[in-house]
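Here is a guided walk through a fold, written for someone who would rather look at a model than at a list of angles. Keep the viewer open and turn the model as you read.

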Amino acid sequence: MDIFKNADIVGMDILTQAPPKEKRLKPILVDVSNLKGVDRVVAEIGNEIVEFGYKNGLEKCYFIDTNGRKVGYVVSDENLECNITNLLKRLDKNKKYIQIHNHFDDVTISLNDVYTFVKHKNIEKMIVVSEKFIYEIKKTNKTKKIKYNRDVFVRVTKKFIKIFAKKYGIILSRKNLKKVYIVANYILSKRLGYEFNITRKNNNR
Ligand SMILES: [Zn+2]
């Protein structure tokens with residue numbers, strides 16, 4: 001019996017849509033006063049984009065280099081797709097970069113995000129900032145390359161999540177999807193050889 005036959009895996013994409021204005025969570029801002037260098041730039045951008053998201057219901061995606069110098073940003077369309085094609089063209093192939101963008105409703109890094117991160121060698125780190133959390137993936141010297149294109153990668157990964165959920169008796173309801181997604185990120189990070197960290201923001205102001 002396949003208990004996941006009717007599970008709405010596609011619902012994972014729905015999870016990344018911005019909630020209506022009256023349902024948007026007010027983001028916690030990080031205290032940047034004791035931070036220096038690239039950490040400070042990252043925290044400042046994180047604060048800026050979650051406030052931007054709260055006001056406008058859109059995502060904003062920044063690229064900075066590993067010294068904290070800003071390359072530029074793009075704002076998403078209504079479907080929360082950030083077209084980073086032009087930004088990618090501006091990156092120096094021999095340098096490393098950090099990509100930072102916001103998510104709504106404390107949704108972690110998406111499969112599409114993981115794909116972008118793994119596919120582009122010079123994206124050293126990807127940081128997703130939500131209302132209460134900071135999710136970070138970081139390459140190591142063990143990070144594998146992927147041969148798939150985006151569609152195949154997402155399809156294969158969703159199938160894999162289904163198998164995983166079944167094995168551990170997790171029902172893929174909308175209520176559980178966020179948790180399943182986090183576990184999927186952990187497993188992907190082990191399989192593809194990168195680090196995955198979650199930080200809860202301090203409400204210290
Ligand atoms: Zn994303």
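The text below goes from the whole chain to the sheet, then to the helices and a few loop residues.

**The whole chain**

What you see is a predicted model, in which local features need pLDDT of at least 70, side-chain atom pairs count only at pLDDT 80 or more, and totals for chains, interfaces and linings use all residues. Residues are numbered from 1 along each chain as its sequence is written.

The protein chain has 6 helices and 6 strands. Helices (H or I, at least four residues) and strands (E, at least two) are DSSP runs, numbered from the N terminus. Along the sequence they come in the pattern α-α-β-β-α-β-α-β-β-α-α-β.

For overall dimensions, the C-alpha atoms of the protein chain fill a box of roughly 55 × 40 × 30 Å along the principal axes. The radius of gyration is 17 Å, in agreement with the value near 17 Å that a compact globule of 205 residues would have. That radius is taken over C-alpha atoms, and the globule rule is 2.2 Å times the number of residues to the power 0.38.

Of the 205 residues, 28% are buried. A residue counts as buried if 20 or more other C-beta atoms lie within 10 Å of its own, as exposed if 12 or fewer do, and as partly exposed in between, with C-beta atoms placed from the backbone. Among contacts between residues at least 6 apart in sequence, 66% join residues at least 24 apart. Here two residues are in contact if their C-beta atoms, placed from the backbone, lie within 7 Å.

The 6 strands form an open sheet in the order 2-1-3-4-5-6, with mixed pairing. Strand 2 (70-75) and strand 6 (194-200) stand at the edges with a single partner strand each, so one side of each has no neighbour in the sheet. On average, neighbouring strands of this sheet are turned by 15 degrees against each other, direction ignored. Axes are lines fitted to C-alpha atoms, for helices over the stretch in contact, and angles run from 0 to 180 degrees between N-to-C directions.

Two strands pair if DSSP finds at least two bridges between them. The table lists four of these pairings.

| Strands | Sense | Bridges |
|---|---|---|
| Strand 1 and strand 2 | antiparallel | 5 bridges |
| Strand 1 and strand 3 | antiparallel | 5 bridges |
| Strand 3 and strand 4 | parallel | 6 bridges |
| Strand 4 and strand 5 | antiparallel | 5 bridges |

Lys60 stands opposite Val75 in strand 2, and Tyr62 stands opposite Ile100 in strand 3. Further along the sheet, Gln99 faces Met126 in strand 4, while Val128 faces Tyr135 in strand 5.

How many residues of strand 4 are buried? The count is 6 of the 7 residues in strand 4 (residues 123-129), so this strand is largely enclosed by the rest of the structure. The chain reaches strand 4 from strand 3 through helix 4 (residues 111-119), in a right-handed β-α-β crossover. Right-handed means that, with the strands pointing away from the viewer, the path from the first strand over the helix to the second runs clockwise.

**Helices and loop residues**

Helix 4 lies across strand 4 and strand 5, at about 160 degrees to strand 4. Helix 6 (residues 174-192) has 19 residues and spans 26 Å from its first C-alpha to its last, close to the 27 Å expected at 1.5 Å a residue. That expected span is 1.5 Å times one less than the number of residues. The buried residues of helix 6 are Leu177, Val180, Ala184, Asn185 and Leu188. After the helix comes Gly193, with a positive phi near 75 degrees.

Finally, look at the loop between strand 3 and helix 4, where Asp105 sits and where Asp106 also has its place. Phi is positive in Asp105, near 60 degrees, and in Asp106, near 55 degrees. Asp105 is partly exposed, with 16 other C-beta atoms within 10 Å.
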